[in-house]
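Hi there,

Here is the structure I promised to pass on to you. Please open it alongside this email, and then read on for what turned up in it.

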Amino acid sequence: MSDFRERAACRDVDPELFFPVGTGPAAQAQVIAAKRICHGCPVQLPCLEWALRSPQDEGVWGALDPVERRGLRRQARV
């Protein structure tokens, strides 16, 4: 396990929170809740960097959802 994960704010949270199923109101509420945890995390940036390198196509990582991460990857290629 990467060192950043040992210090993550989400380490004691049910991982399913960060992997919502679907796109409806319940899933969107889940994304908001996950991002709220990420925004207070001391290792938000290393988490996001890891997800971008991996690449993680699902879930909330470093306070960004899959669509937001794809946007970052597109910007990096331009």
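**Salt bridges in the model**

Lysine 35 is buried, with a relative accessible area of 15%; buried means under 20% relative accessible area, exposed over 50%, and partly exposed in between (1.4 Å probe, protein chains only). Before going further, please keep in mind that this is a predicted model, where local features need pLDDT of at least 70, side-chain atom pairs count only at pLDDT 80 or more, and totals for chains, interfaces and linings use all residues. Residues are numbered from 1 along each chain as its sequence is written, and side-chain values use heavy atoms, with hydrogens and water left out.

How many salt bridges are there? The count is three, taking a salt bridge as a side-chain nitrogen of Lys or Arg within 4 Å of a carboxyl oxygen of Asp or Glu.

Lysine 35 pairs with aspartate 65, their closest N and O atoms being 3.4 Å apart. Lysine 35 sits in helix α2 (residues 25-39) and aspartate 65 in the loop between α3 (44-53) and α4 (66-77), so this pair ties together parts 30 residues apart in sequence. Helices here are DSSP runs (H or I, at least four residues), numbered from the N terminus. Aspartate 65 is buried too, at 16%.

Lysine 35 also meets glutamate 68 in a salt bridge (2.9 Å, N to O). Glutamate 68 is in helix α4, 33 residues from lysine 35, and is partly exposed at 31%. Shared partners join Lys35, Asp65 and Glu68 into one network.

Finally, arginine 7 bridges to aspartate 3, with 3.6 Å between the closest N and O atoms. Arginine 7 is partly exposed at 44%, and aspartate 3 is partly exposed at 47%.

Happy exploring!

Key:
Helices (H or I, at least four residues) and strands (E, at least two) are DSSP runs, numbered from the N terminus.
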